[in-house]
Amino acid sequence: MVTAVRHLGPNWYAAVMGTAAVATAGAGLPVHVPGLRTACVAVWALSLVLLLALLAARALHWTHHRDQARAHLLDPATAPFYGCLAMALTAVGGGAITVGQDWIGTAAAVVLDAVLFGVGTVVGLAAAVAVPYLMAVRHRAEPSQATPVWLLPLVAPMVSAALGPLLVPHLPPGQARETLLLACFAMFGLSLLATLLMLPLVFARLITRGPLPLALTPTLFLVLGPLGQSTTAVGIFADVAPGVLPPPYSEGFGLLAVLYGVPVMGFALLWSGLATAHVLRARRHGMGFAMTWWAFTFPVGTCVTGAEALARHTGLVVYEILAIGLYGVLVAAWTVAAVRTARGLLNGTLLAAPRPAPAAPRPATARTTSGAVR
């Protein structure tokens with residue numbers, strides 16, 4: 001067991017995030033499907049089990065393979081995945097209140113969410129500072145290395161911003177509720193602005209350097225994370241603000257939910273089309289399964305919850321249809337990723353040491369002097 005976890009990186013927390021997203025997104029669908037709520041509770045319970053198993057496995061990793069753990073922190077391709085730890089904690093915690101209370105009761109769900117939200121938020125804020133710092137002073141990453149993975153530690157506070165308000169009704173009225181809500185709004189701002197700084201680097205690398213390596217192509221869907229999660233966050237702010245903040249601030253959150261959410265969701269749909277085109281191209285060129293396929297799950301789940309929030313605040317049927325359609329995509333992607341991950345665990349390929357890259361890799365594309373791919 002100790003040897004098996006040597007190459008178990010923080011990217012594995014993405015499986016927890018994707019599983020929790022299936023549960024929470026399904027619970028908020030604007031349609032009643034017999035048995036769906038029960039299925040969502042079961043999926044949330046699975047996400048909790050996965051989280052506990054991974055925390056134990058990662059503890060073994062840090063205890064017995066400290067050299068490898070340090071190498072992960074100093075690797076610009078791996079260090080950003082520490083944001084996944086924070087998001088896994090907060091996603092499972094939020095799911096406890098959303099659906100888990102059906103199984104463990106409201107009181108236990110609130111306690112579990114409070115613990116996971118608190119720890120996850122601290123880890124997320126630390127990652128949002130520490131990972132960019134390491135990238136600046138230790139990693140020395142080149143612009144050509146920019147990938148959507150760099151967004152992960154910056155999105156973690158946005159997940160806290162979106163899920164923190166679920167605890168607001170369970171706090172004493174007055175200062176406690178207002179403080180938590182505005183703290184979540186502050187995390188919304190810091191994550192949004194940090195994402196706006198990083199995203200141009202990712203897009204510029206894509207345009208000037210060509211498509212990502214095949215195994216990294218699914219990470220293009222990670223861009224949907226801050227888009228969908230921020231739309232979800234402003235929608236939840238608007239749900240919670242009345243009675244917590246005085247007018248006109250409470251009404252302002254209602255306006256923000258629509259005036260911010262509609263254009264951002266529009267851009268999310270544009271990016272999803274671009275990312276899908278890249279993934280289809282990568283499949284034609286032989287892209288096989290990797291843990292990066294979990295990027296098809298949680299980011300899409302945030303778009304489901306974002307569409308659900310827009311449906312609540314606009315009353316438009318089109319957003320209800322969008323939420324239902326995206327949820328179908330989410331469930332399909334989660335099923336494929338889960339089955340392929342289980343298969344890779346059973347045959348040992350996913351826990352094996354990474355194979356060394358060839359000394360002189362053959363370029364996948366060629367460019368003309370104008371920069372066009374041919």
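Cysteine 303 is buried, at 4% relative accessibility; buried here means under 20% relative accessible area, exposed means over 50%, and partly exposed lies in between, with a 1.4 Å probe and protein chains only. Cysteine 84 is buried as well, at 2% relative accessibility.

Before going on, a word on the source. This is a predicted model, in which local features need pLDDT of at least 70 and side-chain atom pairs count only at pLDDT 80 or more, while totals for chains, interfaces and linings use all residues. Residues are numbered from 1 along each chain as its sequence is written, and side-chain values use heavy atoms, with hydrogens and water left out.

Back to the cysteines. How many disulfides are there? With a disulfide taken as a pair of cysteine sulfur atoms within 2.5 Å, the count is zero. Cysteine 84 is in no disulfide, and the nearest cysteine sulfur to it belongs to cysteine 303, 16 Å away.

Now the charged pairs. The whole structure holds three salt bridges, where a salt bridge is a side-chain nitrogen of Lys or Arg within 4 Å of a carboxyl oxygen of Asp or Glu.

One of them joins aspartate 67 to arginine 6, with the closest N and O atoms 2.9 Å apart. Aspartate 67 sits in helix 3, residues 66-73, and arginine 6 in the segment before helix 1, residues 13-27, so this pair links distant parts of the chain, 61 residues apart. Helices here are DSSP runs of H or I with at least four residues, strands are runs of E with at least two, and both are numbered from the N terminus. Aspartate 67 is partly exposed at 48% relative accessibility, and arginine 6 is partly exposed at 24%.

Another salt bridge is between aspartate 102 and arginine 37, at 2.6 Å from N to O. Because aspartate 102 is in helix 4 (residues 82-104) and arginine 37 in helix 2 (residues 36-64), the pair ties together parts 65 residues apart in sequence. Aspartate 102 is partly exposed at 46%; arginine 37 is partly exposed at 36%.

That leaves arginine 312 and aspartate 239, whose closest N and O atoms are 2.7 Å apart in a salt bridge. Arginine 312 belongs to helix 10 (residues 298-314) and aspartate 239 to helix 8 (residues 224-240), so parts 73 residues apart in sequence are tied together. Arginine 312 is partly exposed at 46%, and aspartate 239 is partly exposed at 38%.
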